[in-house]
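Take a look at the model below.

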Amino acid sequence: MVCRLSNGRKEDALFYYCTLIQSLEEILSGKGAKVSFPKHQELLEKGRSCVSFSEMEQIFMDVIDNAYNGLGESVTQNDKKDINKALEYIELHYAESLSLNVLAEEVHMNPYYFSSFFKKSTGKNFKDYVNQIRLKHAVTLLLDTDKKVYEIAMNVGFGDARAFNDAFQRAYGETPAGYRKRLRK
């Protein structure tokens, strides 16, 4: 198509290809994608050294393929940033009332999308992960303090002692009080 548009003139074809690459670069950088493109002067020199339109086409297709691959890597990096931000938020705010909506808003995602994104990224559903973090902190309090079990439940973000007991028993196979007693012996 570029060959037809340029009426067989190499410099015109080169102009169309470079304009396409420049437009692609502007669109992607405007969207925040971190994709690198060769310098325009380098593209011009490569294009001028081509002996055929198919050779020129291959050079520019390689540039577009590299941009496409870089875009995929950029998306993956952003996903890692988002999940790390969510995990850090959970670690800092585990004792608060955490909901899927709160975390989704924190990483600027739709709650439904965030739920599947979280599961895909961590291998756990949101609620199970939050409970795991809360239980980790609860174990520390059970062993390092003399607080009552219901106080620990409230301190680590469980709504009530029963929910805490149930979650603890599922994770550790015994009640929090039994766990504390056994480890202190």
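What follows is a walk through a predicted model, from a helix to the cores.

Start with helix α9, residues 161-172. Its 12 residues, at 1.5 Å a residue, should span 16 Å. At the start of α9, a side-chain oxygen of aspartate 160 comes to within 3.0 Å of the backbone nitrogen of arginine 162. Glycine 173 follows α9, and its phi is positive, near 75°.

Now look around the helix. Phe164, Ala167 and Phe168 are buried in α9. They cover an arc of only 100° around the axis, so they lie on the same side of α9. The face turned away from that buried side carries Arg162 and Arg170, which are exposed. The cover over the buried residues of α9 includes α7 (126-144), α8 (149-155) and α10 (176-184).

Next comes the core. Nonpolar side chains tend to be buried together in soluble globular proteins. Here the largest nonpolar core has 31 residues. Ile90, Leu103, Phe114, Phe126 and Phe164 touch the most other members. At least two residues come from each of α4 (53-93), α5 (100-106), α6 (111-122), α7, α8 and α9. The largest share, 9 residues, is supplied by α7.

Zoom in on phenylalanine 126. Leaving aside residues up to four places away in sequence, Phe126 touches Ile90, Leu98, Ser99, Leu100, Leu103, Phe114 and Phe118. A second core of 16 residues is separate, and Cys18, Ile59, Val63 and Ala67 are among its members.

Key
Residues are numbered from 1 along each chain as its sequence is written. This is a predicted model: local features need pLDDT of at least 70, side-chain atom pairs count only at pLDDT 80 or more; totals for chains, interfaces and linings use all residues. Side-chain values use heavy atoms; hydrogens and water are left out. Helices (H or I, at least four residues) and strands (E, at least two) are DSSP runs, numbered from the N terminus. The expected span of a helix is 1.5 Å times one less than its number of residues. Buried means under 20% relative accessible area, exposed over 50%, partly exposed in between (1.4 Å probe, protein chains only). The arc is that of the directions from the helix axis to the C-beta atoms. Contact means heavy atoms within 4.5 Å. A polar contact is a pair of N or O atoms within 3.5 Å; within protein, one must be able to donate a hydrogen and the other to accept it, and residues adjacent in sequence count only if both atoms are side-chain atoms. A nonpolar core is a set of buried Ala, Val, Leu, Ile, Met, Phe, Trp, Tyr and Cys residues joined through side-chain atoms within 4.5 Å.
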